Amino acid sequence: MRNILSIVFWLMAFTATANPVTDMLERIDRGASKKFKIVLSESKNKGDTQKDFFELSGQGGKVVVKGNSWVSIATGVNWYLKHYCGIHIAWNNPKATLPAKLPAIQKPERHETSLTLRYDFNYCTFSYSMAFWDWKRWEQEIDWMALHGVNLPLAVVGEECVWRNMLLKLGYTKEEVNQFIAGPAFLAWWEMNNLEGWGGPLPDSWYAQQEVLQKKILNRMKQWGMHPVLPGYSGMVPSNAREKLGLNVAEGGLWNGYTRPAFLQPTDERFHEIATLYYNELTNLFGRADYYSMDPFHEGGKTDSVDLDASGKAIMHEMKLVNPKATWVVQGWQENPREKMIDNLQTGDLLILDLFSECRPKWGIASIFQDDRGYGKHEWLFCMLENFGGNIGLHGRMDQLLNNWAQALKPSANTEHLRGIGFTMEGSENNPVMFELMSELAWVNNSQLTIDNSEFTIHNSQFKGASFKEKWLRGYCRARYGVSDPAIEEAWMILANSIYNCPAGNNQQGPHESIFCGRPSQNNYQVSSWSKMSNYYDPDDTRRAALMFASVAQKYRGNNNYEYDLVDIVRQALADQGRVQYQQTMADYKAFRREPFRRDSERFLEMILAQDKLLGTRSEFRVGRWIEQARSLGNTPEEKDLYEWNARVQITTWGNRVCADKGGLRDYAHKEWQGILKDFYYQRWATYFKALSDQMVAKSKPDIEKLGSGKYKGLTTDELFALALEQDVKIDWYAQEEPWTLQHNPYSSKPEGEAVEVAREICEKYLQ
């Protein structure tokens, strides 16, 4: 009897998880699965099984979604929800209420693609966005991936567990392991061979919970039929491996002030032993994979003493011993992958992520990363990077993305090995419009980048003669807000032709950064060291779009997607007007107009506080959400404090004084969020403006008697004259910034105030 019950329970459990689409629909809206008929089917495209497809039709009052895989079917479900129901499942809106009776499909609709690999994530995403996610948040993300066609996700959660086990078996002590493995918010750069130990040491409980979390993640991905990309072994060893283990290594050098791990030479007799130990630990914990991610020499690793050809072959050989059918996944970024490392590898054994295809493709069209040979014989994915550092800001390259995509689809030696697309953002949960566009490109009529009317039946009459971008954008608005509103569509067209249309030749990394978040100076422009910002849109465009979008706010009060975008668009407009206000303030200072300087600097500071108030109306834009996520993973007060410190440091100084300032890492992951605006960025600007004001007062009333004594004693005439010239005040910014990273004052994730009301207040006061 017990055996029979066990079989029954097993069958029930199998049935409950056999169809992940049904389970996902129930998470979106309880009871939703009963309105669909899900059909898993082989492709009927003349026996061609090399294409993914989904079909939408109706039967018996239900919507029938058929596809060749669970992910293809989920993509079809998402297509139906967006373009028939006006329901957009996004990061800010993982749930929805479906109509009691779903809109009928008048004519069966089929979409297919030969781009069968659709990748997700950058190593950085796991730190800038996902460092403190729990299973509930990961479950939502995997649903998002399935809805957007992802079947090849990077899966590096728990990588530190593998390395701890491996290093302990190699003879490292627990303390030495802790000095090597980074903290929660910095694991990505440790995994990419950039640094050691920063943010640690990790407590034992961290390893235990991350191991459990990764197993849940992998199990769910495999239920969907996804192919998780696990981290493989590329030769990384601790920087002291020569002294500790007697290994033949190439020193890694420095990465922005941090000591890099060393690189184990492939000729070392223990390379096979250590690689085998690594893969054994990985397989024991998380199983084998069909794809392994490895990025040796990421961002400037030293290769002078390394035989790159031998290294590539050794890395490939060790991976193939684990799974002869496995593929090595490598990021196409800066010098990587090094040509000498991959030239003698076989076609099909390597998959290259062209990381920034929408801006700096390396596969043969004009860009600063251009390579006339493309990736030669190796397979590659067209990827959209979009976001750097998880920074907040409206941003996109719509025309450039569409142009580069069209070029990638044209038959040529550079593009014949294109196998799919990829999302390779450093930070997620932002700019949903760009990710929606990218996810659909693989499924639309690619030949001329036009959308068949049948795909947007709701709007056929509006699309006559419209460009692809306009057609698509109107459909997006209908899907995102569930309505067709001329004011909303006009606002989005303004944005699409300005801030969301960063042009070719402009190589800035991510959004136009908010002046509010910058370290103050007389000539402040970009916030982070490598943003490469360059003006390409008129700030009045975002102001006009915000006013237009807000003009219908009363009609859509309570519409979650609308209110999220209202806050984000008004936030952008206010930040852009803040930059204008800053320029006026500094003009006052340079003209020595003390009263206008006082008035304009006060207005600038008021704008920061207004931004703080606006962002406080949405949980997604509150620093409390980030810090609460961090603290929630701790089991003791000490663990909670460590994780909070990681969270605070990453979004401010990033590193210690040397790495923050000389290494240029400070403010790289800055966040225009409620809480940090008021308590961190506002304080920096207030300190700076006071110093400038004090300087102006001192210059207008110099103490002549002290010029020859005190701090001026002994100065030459030329030196005294130089003091009278215009100089920026000197402030030790790191000394002012670090204390915030050490605090534990509470921040809440709960929204405060009404988004519509606060947005309208800001429009009236600052944007008219």
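**Note on helix packing in the predicted model**

1. The crossing of α20 and α27 is left-handed, a term used when the near helix is turned anticlockwise from the far one by less than a right angle, with right-handed used if clockwise. Helix α20 covers residues 594–615 and helix α27 residues 755–767; their axes come within 10 Å and cross at roughly 160°. Axes are lines fitted to C-alpha atoms, for helices over the stretch in contact, and angles run from 0 to 180 degrees between N-to-C directions. The two helices are therefore roughly antiparallel to each other (angles over 145 degrees; under 35 counts as roughly parallel, 65 to 115 as roughly perpendicular and the rest as oblique).

2. On the α20 side, the contact is made by Arg603, Glu606, Met607, Ala610, Lys613 and Leu614, and on the α27 side by Val758, Ala759, Glu761, Ile762, Lys765 and Tyr766. Contact here means heavy atoms within 4.5 Å. By class, the contact of α20 with α27 has 7 nonpolar, no polar and 5 charged residues (Ala, Val, Leu, Ile, Met, Phe, Trp, Tyr, Cys and Pro count as nonpolar, Asp, Glu, Lys and Arg as charged, and the others, Gly among them, as polar).

3. On provenance, this is a predicted model in which local features need pLDDT of at least 70 and side-chain atom pairs count only at pLDDT 80 or more, while totals for chains, interfaces and linings use all residues. Residues are numbered from 1 along each chain as its sequence is written, and side-chain values use heavy atoms, with hydrogens and water left out. Helices (H or I, at least four residues) and strands (E, at least two) are DSSP runs, numbered from the N terminus.

4. Helix α9 (residues 204–223) packs with helix α6 (residues 159–169) at an angle of about 125°, the axes being 8 Å apart. That makes α6 oblique to α9. The crossing of this pair is left-handed. Glu160, Cys161 and Arg164 of α6 make the contact with Asp204, Trp206, Tyr207, Gln210 and Glu211 of α9. The residues of this contact divide into 3 nonpolar, 1 polar and 4 charged.

5. Helix α9 also meets helix α5 (residues 135–147): the axes come within 11 Å and cross at roughly 25°. The α5 and α9 helices are therefore roughly parallel to each other, and their crossing is right-handed. The contact is made by Trp135, Trp138, Glu139, Ile142 and Met145 of α5 and by Leu213, Lys216, Ile217, Arg220 and Met221 of α9. Of the residues in the contact of α5 with α9, 7 are nonpolar, none polar and 3 charged.

6. Helix α11 (residues 271–286) has 16 residues, which at 1.5 Å a residue should span 22 Å; its end C-alpha atoms are 22 Å apart, which agrees. The expected span is 1.5 Å times one less than the number of residues. Among the buried residues of α11 are Phe271, Tyr278, Glu281 and Phe286 (buried means under 20% relative accessible area, exposed over 50% and partly exposed in between, with a 1.4 Å probe and protein chains only). The buried residues of α11 pack against elements including α6, α9 and α12 (308–322). Gly287 follows α11 and has a positive phi, near 85°.

7. Because 13 of its 14 residues are buried, α16 is largely enclosed by the rest of the structure. Gly482, with a positive phi near 75°, follows α16.
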